[in-house]
Amino acid sequence: MENVIRKRMVSKPEQDKEKKAGQKTEQTAKTSEPCVIELDPGANVAAFLVVTLVLVVYILTMYPSVPGGDSGELIVAGCTVGIAHPPGYPLFTMLAVLFHGIPFGSPAWRINLLSVILSTGCAFFVFKTVLL
């Protein structure tokens with residue numbers, strides 16, 4: 001089923017003439033087809049390779065304990081279900097609580113793993129955006 005909006009472009013003086021003559025203006029315009037972007041299978045393979053490479057590099061270089069800066073505060077907020085300094089990063093804290101439940105590794109390692117996975121996801125979306 002196709003939605004069609006009809007609209008005819010009419011100048012202001014013509015509209016006045018038509019109104020005086022008792023004619024109705026017919027509005028005609030057709031909506032465009034939805035945009036469908038299809039990527040070739042090679043693009044999906046390339047995206048998989050990029051994600052795999054980024055994930056491997058991030059895991060191999062991941063900090064095993066508490067790094068400096070705000071990371072320690074975010075790790076503590078995730079372990080205690082607390083609030084980090086403003087703005088508080090609520091989504092990160094809630095996800096850190098879930099990752100704190102992983103049964104292996106130190107709490108800092110587990111929450112650093114969350115950062116690795118989120119960064120890998122970011123690399124995936126940047127790759128897909130550039131590819132389009």
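# Close-up views of a predicted model

**View 1. Valine 81, out in the open.** Valine 81 is exposed, with 59% relative accessible area. (Here buried means under 20% relative accessible area, exposed over 50%, and partly exposed in between, using a 1.4 Å probe and protein chains only.) This is a predicted model, in which local features need pLDDT of at least 70 and side-chain atom pairs count only at pLDDT 80 or more, while totals for chains, interfaces and linings use all residues. Residues are numbered from 1 along each chain as its sequence is written, and side-chain values use heavy atoms, with hydrogens and water left out. Valine 81 sits in the loop between α3 and α4. Its phi is positive, about 55°, although valine 81 is not a glycine.

View 2. Most residues other than glycine have a negative phi, and most peptide bonds are trans. Tyrosine 89, in the loop between α3 and α4, has a positive phi near 50° and isn't a glycine. Tyrosine 89 is partly exposed, at 35% relative accessible area. Proline 87 is found in the loop between α3 and α4 too, and a cis peptide bond with omega of about 10° joins proline 86 to proline 87.

**View 3. The two faces of α4.** Helix α4 covers residues 90-100, and its buried residues are Phe92, Thr93, Ala96 and Phe99. They end up on the same side of α4 because they cover an arc of only 120° around the axis; the arc is that of the directions from the helix axis to the C-beta atoms. On the face turned away from that buried side you'll find the exposed residues Pro90, Leu91, Met94 and Leu98. As for partners, the buried residues of α4 pack against α3 (71-80) and α5 (107-131).

**View 4. The buried part of α3.** Look for Gly72, Leu74, Ile75, Ala77 and Gly78, which are buried in α3. The buried residues of α3 pack against α4 and α5. Contact here means heavy atoms within 4.5 Å.

**View 5. Asparagine 112, tucked into α5.** Asparagine 112 belongs to helix α5. With 10% relative accessibility, asparagine 112 counts as buried. Setting aside neighbours within four places in sequence, asparagine 112 is in contact with Met62, Tyr63, Ser65, Pro67 and Ile75.

**View 6. The largest pocket.** The largest pocket has a volume of about 190 Å³. (On a 1 Å grid over the protein atoms alone, a pocket is an open set of points where a 1.4 Å probe fits, with protein on both sides within 12 Å along at least five of seven lines; lining residues have an atom within 4 Å of a point. Grid points are joined across faces, edges and corners, and the volume is the space filled by probe spheres set on the points.) Of its 14 lining residues, Pro67, Ser71, Ile111, Asn112 and Ser115 lie nearest the centre. The largest share of the lining, five residues, comes from α5. The lining splits into nine nonpolar, five polar and no charged residues. (Ala, Val, Leu, Ile, Met, Phe, Trp, Tyr, Cys and Pro count as nonpolar, Asp, Glu, Lys and Arg as charged, and the others, Gly among them, as polar.)

**View 7. The whole chain, for orientation.** The protein chain has five helices and two strands, running β-α-β-α-α-α-α from the N terminus. (Helices, H or I of at least four residues, and strands, E of at least two, are DSSP runs numbered from the N terminus.) Of its 132 residues, 21% count as buried.
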